[in-house]
Amino acid sequence: MGRYLLRRLAFLLVSLALASVVLFVLLRLLPGDPANALTSVGASPEQIAAARHSIGSDRPLPEQFTHWLGQLTSGDLGTSFVSSLPVGPEVTARLNVTVPLTLAAFVLAVVIAVPVGFVAAYKRRTWYGAVLSGISQLGIAVPVFWLGMILIAVFALNAGWLPSGGFPQDGWAAPAEAVRSLVLPVVTIALVMGASLIRYVRSATLDVLGSDYLRTARALGASFPKAMWRHGLRNASVPVISILGIELASTLLGAVVVESVYALPGLGSLLATGIAQHDYPVVQGVLFVSTLAVLLIGFAADLIQRVIDPRLRGRLSGGAR
């Protein structure tokens, strides 16, 4: 297991290094000049050249990349071209919105998907099993921004129960208001994510229900709940955990849409602003942190799978020898 962890950590570091190169190169290929965001309309060539010199965009690309890489190794995400403020604290402040939003939506989606997916599989030959499967398919097809606008219209504009958007200026210093502002965004993400997860939970449960080991356990006298708990749950959870990791990562990366709908000051809005202003350090900082989070989520999901499934551990130890 120790060798596996070392290999996975090495893979994570290599992936992060390659991602940093890709991010840096792709940003420089985008049309536009970051110096334009620092100068007024109709600025002279001398003023534009001075702006480029002040932010270092006139230096050779290898020198710019080396400088950025040196900052990363010391934990510094750079300084914004536009605001001249450190990117790291700004990203951290935005994570205080994006991370609770993503985690709360993820937990709610799992709470919805696991029992519904199991019932949809176990009662697949009944009318309500078919209805649950149909609802999950419909939920997958619903655009998240459209669902967000529907929830705003129903629960914010018409009923007035919840705010339609925004986040308290005091942040989590006003916890009640902060939680209220995240209720609709969390429900929006959870419903769409839950619809997708129901399909995977249903599929994994169907595989277990048709397995030989479950039939053998029932033939030996175990009740269905006991057989599912002792034999089925672990086997069904292995493929689902992989999907959970993918869904959590995609939700973190896709939060920009929901944050735009609800005007939340999270990573998504910071990324959108940075792209519009060609603020390379901001965009690089947000995407680098997001990439790191995705890699860590994948690492954690892979590790949990091996803890749960002894077959993967045996395959790992066999390969190590």
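1. A cavity, on a 1 Å grid over the protein atoms alone, is a set of points where a 1.4 Å probe fits but cannot get out, and its lining residues have an atom within 4 Å of a point. Grid points are joined across faces, edges and corners, and a volume is the space filled by probe spheres set on the points. By this definition the structure holds 2 cavities of 30 Å³ or more.

2. On the basis of the note: this is a predicted model, in which local features need pLDDT of at least 70 and side-chain atom pairs count only at pLDDT 80 or more, while totals for chains, interfaces and linings use all residues. Residues are numbered from 1 along each chain as its sequence is written, and side-chain values use heavy atoms, with hydrogens and water left out.

3. On overall architecture: the protein has 13 helices and 0 strands. Helices (H or I, at least four residues) and strands (E, at least two) are DSSP runs numbered from the N terminus. The C-alpha trace spans about 85 × 65 × 35 Å along its principal axes.

4. On the record: an unreviewed UniProt entry lists residues 101-122, 134-162, 182-201, 236-262 and 282-304 under "transmembrane region". UniProt positions are given in the numbering used here, feature names are shortened, and annotations may be inferred rather than shown by experiment. In the model, residues 101-122 are 100% helix and 0% strand, with end C-alpha atoms 32 Å apart. Residues 282-304 are likewise 100% helix and 0% strand, and their end C-alpha atoms lie 33 Å apart.

5. On the largest cavity: its space comes to about 40 Å³. The lining consists of L27, L30, G274, I275, H278, Y280 and V283. By class, the lining residues are 5 nonpolar, 2 polar and no charged. Here Ala, Val, Leu, Ile, Met, Phe, Trp, Tyr, Cys and Pro count as nonpolar, Asp, Glu, Lys and Arg as charged, and the others, Gly among them, as polar.

6. On the second largest cavity: its volume is about 30 Å³. V110, A113, V114, L197, V201, V240 and L244 line the second largest cavity. Two or more of these residues come from each of α4 (87-122), α7 (175-209) and α9 (224-253). Helix α4 gives the most, with 3 residues. The lining holds 7 nonpolar, no polar and no charged residues.

7. On the largest pocket: a pocket is an open set of grid points with protein on both sides within 12 Å along at least five of seven lines. The largest one has about 330 Å³ of space. Of its 14 lining residues, V114, F118, T205, L233 and A236 lie nearest the centre. Helices α4, α7 and α9 each give two or more residues to this lining, and α9 has the largest share, with 9. The lining divides into 11 nonpolar, 3 polar and no charged residues.

8. On the surface: F145, W146, M149, I150, V154 and V257 form a nonpolar patch with about 520 Å² of accessible area together. Patches are made of residues with over 30% relative accessible area and no salt bridge; like charges are joined within 9 Å, and nonpolar side chains (Val, Leu, Ile, Met, Phe, Trp, Tyr) within 5 Å. A salt bridge is a side-chain nitrogen of Lys or Arg within 4 Å of a carboxyl oxygen of Asp or Glu. Accessible areas come from the Shrake-Rupley method with a 1.4 Å probe, and for residues only the protein chains shown count as cover. Helix α6 (residues 144-158) supplies the largest share of the patch, 5 residues, whereas V257 lies in helix α10 (residues 255-261).
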